[in-house]
Amino acid sequence: TEFISANDLASMMNVSVNEVISTCLSLGMFVSINQRLDAEAITVITDEFGYAVQFTSAEEELEVEQENEPEENLEPRAPIVTIMGHVDHGKTSLLDYIRNTKVTASEAGGITQHIGAYDVTTKSGNKIAFLDTPGHEAFTAMRARGAKLTDIAIIVVAADDDVMPQTKEAINHAQVAGVPIVIAINKIDKPTANPDRIREGLSKINVLVEEWGGKYQSQEISAKSGKGIDDLLEKVLLEAEILNLKANPNRHATGSIIEASLDKGRGYVATLMVQTGKLQVGDIVLAGANYGRVKAMFDDTGKKVATAGPSTPVVLLGLDGAPQAGEKFSVMETDREARELAAKRSQLLREQSIRTKKHITLDEIGRRL
Ligand code: GDP
Ligand code: MG
């Protein structure tokens, strides 16, 4: 099995890809930038850079495979969107603006709690789920764990700045993952804004926007005033339409962990993104090496919910631990089945961590970016 490219591995370890390539050469391995590496190569390389990696190999992977759904069971689902871009180009401001509009609209009032994912209804009445990742490192970490969670990436570029290294990296990550991109040219309210400079910068890395005859949708916005944001969301929806996103909302739920932690009062609290099926209070959930019966669920505004369908983020109480971000979850038939699989997985994890030196997972390497 091949996992990630030399380029991605380099960025996870926060070294240049050239360092990785030359280290490989010194070890007698020839690798190119975009070459995908197998477990052995990754182990050798990360070892050279002082990291050790945990793998879940195909044979050991106990994940419940999703059966091929007959077409008649499928229904349209909302796109799951990640906002990426260079630091200070306005990712947080954009998501805040989108969420705040919603707070006022629904009068839910005072959302302060960070839950890592949000559910938004656009002016046109369509739903979009937003992942609030702290940057593309989370995207990379999730992908390293096999979670294909993001359908569409919004790449934010500040019009008073330039196409920057992290802009390029974010675009590269989305492209490698095969995730369509919509460009948001932000801060157009600023007197120094020069959107043409951004379009030109993008064209230099072969990202030609539609206005310039290319295939990439883009939108000038101000995350400060809100200008252009509705249009941006419509462009995201257009992209989603092309993807023809569907899921069976009537089966046992599967999805991914967005984040999880231990809360003093409430026990383990996990934010999950349901990707297929319907998650219900009382379901038995298996997530990585953890499991539990769903005691309670809350939507992104903190309101109690009994069920959650595809592309819906929920906060869940009832797991017996905190699975890592990007870990997949699935609803199991019986408590016993869930408990046994969770136990097998923890044993595997223990064995793997004995074999590795520093117990650093791909996720943790990602966080060091
Ligand atoms: P992030 O690092 O990409 O999440 O960027 P932030 O959202 O934290 O924004 C960085 C800075 O740019 C903050 O001071 C924001 O207030 C400011 N900012 C973001 N969007 C806009 C915008 O559209 N117009 C103006 N004038 N400032 C903005
Ligand atoms: Mg931010």
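Of the 15 residues around ligand 1, which come nearest? In this predicted model, Asp-88, Lys-91, Thr-92, Ser-93 and Asp-189 hold that position. By class, the shell around the ligand comprises 7 polar, 6 charged and 2 nonpolar residues. Among the secondary-structure elements, helix H4, spanning residues 91–106, makes the greatest contribution to this shell, supplying 3 residues.

Polar contacts to oxygen atoms of ligand 1 involve both backbone and side-chain atoms of the protein. In the side chain of Ser-93, an N or O atom is found 2.5 Å from a ligand oxygen. For Lys-91, a backbone N or O atom lies at 2.8 Å from an oxygen atom of ligand 1, and a polar backbone atom of Lys-224 is 3.3 Å from a ligand oxygen. The protein buries 71% of the 580 Å² that ligand 1 exposes when taken alone.

Strand E4, formed by residues 80–85, is mostly covered, with 6 of its 6 residues buried. In a regular strand, side chains alternate between the two faces of the sheet. In E4 both faces are covered: Ile-80, Thr-82 and Met-84 are buried on one side, and Val-81, Ile-83 and Gly-85 are buried on the other.

Two parallel pairings of E4 were identified. With strand E6 (residues 127–131), E4 pairs in the parallel sense over 3 bridges, and Ile-80 stands opposite Ala-129 of E6. With strand E7 (residues 152–158), E4 runs parallel and is joined by 5 bridges; here Thr-82 stands opposite Ala-153 of E7. Ile-80 and Thr-82, which take part in these pairings, are both among the buried residues on one side of E4.

Notes
Residues numbered from 1 in each chain as written. Chains lettered and ligands numbered in written order. Predicted model: local features only at pLDDT ≥ 70, side-chain atom pairs only at ≥ 80, totals over all residues. Heavy atoms only, no water. Near = heavy atom within 4 Å. Polar contact = N/O pair within 3.5 Å; in protein donor to acceptor, adjacent residues only side chain to side chain. Areas by Shrake-Rupley, 256 points an atom, 1.4 Å probe, with all protein chains shown as cover. Helix = DSSP H or I, 4+ residues; strand = E, 2+ residues; numbered from the N terminus. Nonpolar A, V, L, I, M, F, W, Y, C, P; charged D, E, K, R; others polar. Buried < 20%, exposed > 50% of the residue type's maximum accessible area, 1.4 Å probe, protein only. Pairing = 2+ DSSP bridges.
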